[in-house]
Amino acid sequence: MNALIPTPPPSMLPLVDPFGFGRAAYDYWRDSLERSVLFMDVMRQRGNQYLEHIEKTKPNVLGFDAEVLMDGRGLPRPVNYELLRILPPEGMETDLQMRPFVVVDPRAGHGPGIGGFKPDSEIGVALRAGHPCYFIGFLPYPVKGQTVEDVVEAEVAFLRRVIERHPETSEKPMVVGNCQAGWQIMMAAALEPELFGPILIAGAPLSYWAGERGKAPMRYTGGLTGGSWMTSLLSDLGAGLFDGAWLVQNFERLNPANTWWSKQYRLYAQVDTEAERYLEFERWWGGHVVLGGEEIQYIVDNLFVGNRLSTAQLVTSDGRRIDLRNVRSPVVVFCSKGDDITPPPQALGWVRDLYEGVEDVIANEQTIVYCVHDTTGHLGIFVSGSVSRKEHTEFTANMDYIDVLPPGLYETTISSAKEREDAELIERDYLLEFTPRTVEELDQEVQHRPEDDTRFATVARISEINLGFYRLFMQPWIQALATPESARWMRRMHPNRMGYRLLSDRNPLMTAVPVLADKVRADRHPVHEDNVFRAVEGVLSDQVTRGLNAWRDLRDSSSERLFLDLYGQPVLQAMVGLGGDAHVHRRRPGAEPEHRRFIERRREEIQRAITEGGSHEAVMRSVIHVLGGAPATDERNFKRLRASRAELEPGIQLVDFKHMVREQFFTLQQDQEAALAAIPTLLSGQTAEQINVYLEHIEHVLAASGELSERAAERFERIKGLFHQAIKQAPQDEQDALRDVHARMSSQALAEERARREMESHMESLAVAERVPATASEQAEPREENAEVQAQRPDAAAQQSVSESHPESPAKEAASEAVAEAPAQSTPDEAPSTGSETSSTTEAEARDTAPEGQQTTASTTGATKRKPASRTTPRKSRKS
């Protein structure tokens, strides 16, 4: 096939171009022309892909097959969400006994499926670990009238369905929420905390006013546009629907260099290898969806501008307060310093908004774990393959450990096993370590400024005023002019959507592109990277990128300066009713009196529970105390707890084990000295041999991850001393227990004999009252017979006692000893006890000491032997 550009014979090139500059220029020119054709063909494929994707009824970019389990449109409060079960790929099996794994996708302008976008994704990681996986996605258009509350209730219904499908496991589902879905599932978990297992929120903004000066420019957008009235305007122009392309455009504006140049140039420069990856990502990025006007207005007013979620000011339509302190599941917050959409302060600020200190976190029995990545961007948090293989794999593998982690605030770091000296003790490629933190240490990431709170509170007040004016003066006119057809054309003409349509096969000018692209691919002449002109191209591209970045920095710094100066004016703050103090608008719920009373009641309950429990509580308390002496905990500590669970109580459920771990942790937090001093009390009633077994078990559990640190070893020595103290008390406890058993059995025997005598006397009186009066000789004969019976009864009872107390088991031997002590403890009135009393005593002791089956047999035998003796006299009277 002939080339597009004619070339001179190779033998003539040295004569024409002795230094090679001309040949380099010619090669670069030919390569750039070919790359341009291939680039335009990729853009054409992107447009066709976009049109095909948006025309689907249920478009998504899931990389796994799935089946629909529940359609949210059929719920009492219908929504455009649905629950899907992920079907494992061929050759990959899931274990129904493992914890279910649920991924909730973000609905922030893009289509669903990013959580299962490719094999190295959150769903892919969970499937490889053997978890049954579910996915909560959505459709392109909302149900008319649906609200954020309706969506939250739908997610609650979906979780109930998942739990119903797994009755064989007691662990609640692990739920993953990306970006917008993160705050949504946190709202659901605050309303229905019993449905959630561990929660992972990745790149989810929860505290919208937080941020570092010089970064996070998106938080100033609400103030610079005058509040949320613009959102209402766009919804009205859309006939009640808000085009998600506007949200995507806001994201793209944050990084104009990447949007307008770098992303496209990267494709152009590496068009031979980059096309597939580019098209795969654009299929999701360009799949714009639509939100309901009421939904987006709620989000902007209450979250973006009002920041009411992190301060427990949100109240549902039925009066329930959405307080994130009600979440009882461990919360893992994953964020990144390279994320300009949800920077770490916005992902973590809710903790300091709700809690004055880590003591409040512990008092609320919350476990909060946060991980801050150094470089990855917003999408990389839940899309990047390297992040999935590292962070998400470790989070998934350690969720059971995180679920039983004691309450508190922890920072987690992930290190490579190859870089550690103890690599032989690590099962996987990375090690997840947990370090306890305080709220003061967290502030280093949040960088809270009270004066900024005042400014954002001013924006919230002005937003309410402007929205009121818009609804009063402009909204009626806009709604009267907007129609569904005009809204549809406005969406089609959006710049983000038009870019896809213009570069597609529906544009006649693109007809020649695929033909030329096929010709180029058949005879491609790529230029080498060391080509001088190709190197100059790269330098020029870098200059363009730097120029756009400089313009972005200037724009952002100017916007920040304008925002701070405008909304920092005391006069403006006073005019909107703040008086320069944002505390009225933004108060910390943790400082309220009712919350303080809750903490005090909880402390009293824990104080009373210090001496409650048994040997299992003593062992767990000891293990937690020793582990508390380590400077940091890592996933290997879970081996210790898991071994403790398996050896102490094999049948215990994880939820019960978690409760026991937390209760013992609280007792040590409340009063460590009293909790440790109570360990011998908890071991009372155990034999010396049993206590020794428990101590050996603790040593075995603590040895699971190598040698203990110096502080941990010191604490373990103290635990050994407490267990040895319990061992010294054990023999005396056994003697006291045996003496109590003998006394109790003797008392029971005497009571039974008394009851038997009363029954015989009662039956005799009944017989006398019923019989017909007899002659004096007939009355004398029964008396003689009664005398004979009384004379024979001791011998018969003695034989019965001998037969029942035959030394067939240790229980019967103990009963014989109790019988020997019984006469010495009887009163003078009971001194002339017959052999039947001895028999009753033996039976009572046998019932207390023998196994359950033997007790039943002995009691039945005793009752059978006593029955004829109690009826002897009446029967002979009737015969006479």
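I began with the largest cavity, whose volume comes to about 80 Å³. The model I am reading is a predicted one, and I keep that in mind for each entry below.

Searching the whole structure, I found 9 cavities of 30 Å³ or more. I then asked which residues lie nearest the centre of the largest cavity. Of the 11 residues that line the largest cavity, Trp 209, Ala 210, Gly 211, His 448 and Arg 449 are the ones nearest its centre.

Next I turned to the backbone. I noted as background that most residues other than glycine have a negative phi. Against that, I looked up Ala 216, which is not a glycine and yet has a positive phi of about 55 degrees. I located Ala 216 in the loop that runs between β6 (199-202) and α6 (221-224). Is Ala 216 buried or exposed? I record Ala 216 as buried, because its relative accessible area is 7%, under the 20% limit for that class.

My last entry concerns Glu 365, another residue other than glycine with a positive phi, in this case near 60 degrees. I placed Glu 365 in the loop between α13 (358-363) and β12 (367-373). Its relative accessibility is 21%, so I list Glu 365 as partly exposed, a class that covers values between the 20% limit for buried and the 50% limit for exposed.

Methods. Residues are numbered from 1 along each chain as its sequence is written. This is a predicted model: local features need pLDDT of at least 70, side-chain atom pairs count only at pLDDT 80 or more; totals for chains, interfaces and linings use all residues. Side-chain values use heavy atoms; hydrogens and water are left out. Helices (H or I, at least four residues) and strands (E, at least two) are DSSP runs, numbered from the N terminus. Buried means under 20% relative accessible area, exposed over 50%, partly exposed in between (1.4 Å probe, protein chains only). On a 1 Å grid over the protein atoms alone, a cavity is a set of points where a 1.4 Å probe fits but cannot get out, and a pocket is an open set with protein on both sides within 12 Å along at least five of seven lines; lining residues have an atom within 4 Å of a point. Grid points are joined across faces, edges and corners, and a volume is the space filled by probe spheres set on the points.
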